[in-house]
Amino acid sequence: MKTKKRILLIIESSTSYGRGIVKGIARYAQERNEWWIDIENRGIHEPTPSELKNWNGDGIIGRIYTRETIDLASKSGCPFINLMSSDLEALTIRVDEHEVARMALEHFLENGLNRFGFYAFGKCRWLENRSCVFDRAVQKKGFHCYLCPTPVNEQFTAEPIWKNEYEKLLFDWLPTLPRPIGIFTGNDSHAIRLVSVCRKLDIAIPEEIAVLGINDDQHLCEALTPTLSSMDLNSERIGYEAARLLDKSMNGKRQPKHPIVLPPLRIVRRQSTDMLAIENDIVVDALRFIREYATQGISVHHVLDAIHVSVKTLERGFHKFVGRTPEKEIIRVRINHAINLLQESQLSIDEIAQLSGFGSKRYFQQIFRRERGETPSQFRNRK
């Protein structure tokens, strides 16, 4: 009979991101039934847990940035996977920030926006990297990205605590921005602060400023007024992969030389980005019709009948304001609906094909592979 291995988790339970990581680790452990897990409720700024000082277990997974705790974990004599670091290259597993930027920008572009900004408070490596990557993605598309300045003497910290001077910077910065504009933020807590200052300045969200968070802390996002759109980074998968990596390390295998880079899962659209900033009534009406009825098997002819325009007029408008044809927009909406069903339901592929407006399983699989580079089943299995 195998002796179960003792694993210590030093991961905050105060954030949805941390809880998602723990959930992924737990799923891995339950599948194998070979671990005892020690964990405590903690916040991101909590001191070193007492268990670590005399730890004699088999492995550690943490989200740790204090030097004291990292040193103790490293000296414990057992494999240690840290999912937080001021040095991005030191991370064993991390999110693909280029895909994060691409998805955020595409989300704003789908709403017809052509002005973009990035907001985060405090100063740390991962925030600077997220800001720079989004800025480059915007510039690559031929647009300008407006960045909120940070205090000159700001100290580096992995998870900055809100300060009054951050609010003053927002009060100075927001009125200078052209509108409408889409602002991507460092995470959900940064987005919430941004929304709060917009309300104080009587700036309409999303009509004047569309706000997108990151981490998709569902309780916070849905409690906010307006509700907050956010990107789900798939922290559960990060936790699962961290557990798999720790298991390999405990069995004598070396950790990879290069970080494991994982894509974000999806953007959850809520009220803070629920708008169409397109100065063309025909295109706006067509997009609204497509978003409402695409999953019901409509074609471009249904769109034309609904808004009473010619094919050429519709196609010219879409080319100018959307950057793709009406047919491709119908497919895009169907694919996004199918992705949500693949992620959130246990429906069969055939049922998802029908509910997404594709009509047949074979056609759905063909289009999904063309658009996503993999089959619906492959996408679901790597969730």
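L8 in β1 has D38 of β2 as its bridge partner. This is a predicted model.

**The sheet**

Strand β1 covers residues 5-10 and runs parallel to β2, with four bridges joining the two. Both belong to an open sheet of four strands. The order is β2-β1-β3-β4, and the pairing is parallel. Strands β2 (35-38) and β4 (80-82) form the edges, each pairing on one side only. From one strand to the next, the twist averages 20°. Strands of a sheet pair through backbone hydrogen bonds, either parallel or antiparallel.

**Helices across the sheet**

Two helices lie across these strands. Helix α9 lies across β1, β2, β3 and β4. The angles are set out below.

| Helix | Residues | Strands it lies across | Angle |
|---|---|---|---|
| α9 | 235-250 | β1, β2, β3, β4 | about 155° to β3 |

**Cavities**

The model holds four cavities of 30 Å³ or more. By class, the lining of the largest cavity has five nonpolar, three polar and four charged residues.

Methods. Residues are numbered from 1 along each chain as its sequence is written. This is a predicted model: local features need pLDDT of at least 70, side-chain atom pairs count only at pLDDT 80 or more; totals for chains, interfaces and linings use all residues. Side-chain values use heavy atoms; hydrogens and water are left out. Two strands pair if DSSP finds at least two bridges between them. Axes are lines fitted to C-alpha atoms, for helices over the stretch in contact, and angles run from 0 to 180 degrees between N-to-C directions. Contact means heavy atoms within 4.5 Å. On a 1 Å grid over the protein atoms alone, a cavity is a set of points where a 1.4 Å probe fits but cannot get out, and a pocket is an open set with protein on both sides within 12 Å along at least five of seven lines; lining residues have an atom within 4 Å of a point. Grid points are joined across faces, edges and corners, and a volume is the space filled by probe spheres set on the points. Ala, Val, Leu, Ile, Met, Phe, Trp, Tyr, Cys and Pro count as nonpolar, Asp, Glu, Lys and Arg as charged, and the others, Gly among them, as polar.
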